[in-house]
Amino acid sequence: MIGIIRVQLTTNPNATVWSDQEWQRLMDPSVPFSLAHYWRKCSFGLADLSYRLFPSVLVEDPKPNMTAEQIQADPQFRSTRVKAITTVVDDQYHPNWGAFSTLLIWIASPFDLFGTSAFDHGKGVCGLMMCHIASRFDQMCHELGHTLGFDHPFGREGIEYKSAYDIMGGYDSSWTRSNILGFPQGATTPPTSDPLLLIGPMISAAQLSMSGYRPLLPGLFAELLINFLSAPQDIQISAFDQGTDIYPQIAGPVAAVLPPDPISPDYHYVIELRRKRGYDSNIVGPSVVVHGYNAIMKRFFYAGALPLSNRVGDTDLHIFSGLPGSDITLRLLEVGPDDMWARIRVGGPNYWRNFGVDISPQDHADEPQHTDWTQVEVKPCVFAATGIHYYRYNTTAHTYGIDATSFGYEAPHYTWILNGETLQESGSSVKLSMQTSVPDPIKGWQNLLQDITFRYTIDGAHLDLNPQAVNLVKLGKFSVTLQVVVNETSGEVIKNNYPDQTVTTSLSFKNVEIEWDADYQDKLKYCESVVHEVDRKRIPVHLVKIPGEGRVDDGLSNVINVINSVIDTNPALANALIDHVSRTTNLTQLQVIARLQQNR
């Protein structure tokens, strides 16, 4: 149970004290952005957030009357002040001090701010935090975290408060929420906003993994096998906030706990997935986050983060600690919808030598446009009669967005090459001469050589590309070849150890199609049925060799005339003749049929 003590100082006896109703709101675990709601989520409901709210007490600050010896024994004045406060509470209310696992002392005037898991408050030892009317909300969450046994994470350089993904790591990720009716207000001096509106990140899953809560949370922490350094292992973890939202349901582990290496058993790592939402709304971005833990010092440190999408492109995170057995490589393999989960591969210090690059094109098509219907006299196919039909062109403008991802590099750089032409990062367009297929209602699709201008923008590992044309019908359909080359740019590595990698793909721009009227389409279906019937009833036909020793033109017109003469009365024979002509000349079957169409 938390004992909440509200204090007015004799030096400011009329200071505003938060009312019972305001404290009840602040300690309601069902109210978002309340102190109890924050720790109910972060502890998966395990933190004891029950409380007793004492009436406010008037206390004289003992600091001005302390002797030099007392100050030397208590240079921060905290022990003396806390004992003076608990003495006043004991004199007036005689509580059972042993019932409290935590004391929350709140001062109605700006005063002191600290928290600890074990403090001698003069009537016993328990967790204790002191805050005041000008304390920020994220600071209150932080200090209450101390009473629950959590401590500051460090950076590798030994400096505290170095994780932006942990409420115990300082306030770099704070953001401002809107006002909520019924909450108390802090001391504000315009233009400073209410400090209770400042919200910090959640506790890290890494801290929970080493806490006394972990044995009570089965299924939320996955242990990797000891051989992961030599045999990389894949694991899927859920976003930490997703895990807290649905608990006690479990969608999967929220952290991967790496075993300590036998060479350096005092170090190991904890991996988690964090998203920009709720209490984490101001973290850098959705990221796979790694914290380290020193079991001897019982100290956490922030090791690094791999953003899920940052246009840098590298899907690896290399953690080089300099300690034998303590280097790891993390690779992002797959991300779930809405960043709800991530699949990662964890390997040893040499796993980074596995290099690669990949690209993911996304075709963004505009709304289709239609020309007016046009009348034309046309023969739908060789088995149909010439007649009047209607057609129109359907056009669609396409823009490709292409993301490149690589693995194995420290600082990758991407070079984009379109049909052999290197795109300049500072450029915006390139003109290419290329084959296109342009539609004609009479002659069909015609292959043309055209100059096409492509607009593009390059943003590191991302390329946007689209062809420019006033008339998409004349532009036609075509494909381009895109290459991406990744190379290492970091000045802190030996570049010869980081070979260039290339990936190639093709992009199709289907800018135009011909749409025919229903009667034309019915005749096409009829032609398809005739061809199907010819194939179904095909019979072998003995044919003599075509004159001209296989030359295309010698005697071919005579054979075409023969095929034309039997195509209506004996389609099986016509089909066999077409096959024979194709085999004994340089013409394809389609070219033979085209010649038939010209002669009919």
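Predicted model: local features only at pLDDT ≥ 70, side-chain atom pairs only at ≥ 80, totals over all residues.
**The chain as a whole**
- The protein chain contains 12 helices and 30 strands.
- Of its 600 residues, 49% count as buried.
- Among contacts in the protein chain with a separation of 6 or more, 66% are between residues 24 or more positions apart.

- Helix 2 spans residues 35-42, and it is largely enclosed by the rest of the structure because seven of its eight residues are buried.
- The buried residues of helix 2 are Leu-35, Ala-36, His-37, Tyr-38, Trp-39, Lys-41 and Cys-42.
- The cover over these buried residues includes helix 1 (20-26), strand 4 (102-107), helix 5 (137-147), helix 6 (205-209) and helix 7 (240-246).

**Asp-138 in helix 5**
- Asp-138 is part of helix 5, and this residue counts as buried because its relative accessibility is 0%, where the cut-off for buried is under 20%.
- Although Asp-138 and Leu-35 are 103 residues apart in sequence, their C-alpha atoms are 9.0 Å apart in space.
- The side chain of Asp-138 forms a polar contact of 2.8 Å with the side chain of Arg-136.
- The side chains of Asp-138 and Ser-174 are also joined by a polar contact, at 2.3 Å.

Definitions and conventions: Residues numbered from 1 in each chain as written. Heavy atoms only, no water. Buried < 20%, exposed > 50% of the residue type's maximum accessible area, 1.4 Å probe, protein only. Helix = DSSP H or I, 4+ residues; strand = E, 2+ residues; numbered from the N terminus. Contact = heavy atoms within 4.5 Å. Polar contact = N/O pair within 3.5 Å; in protein donor to acceptor, adjacent residues only side chain to side chain.
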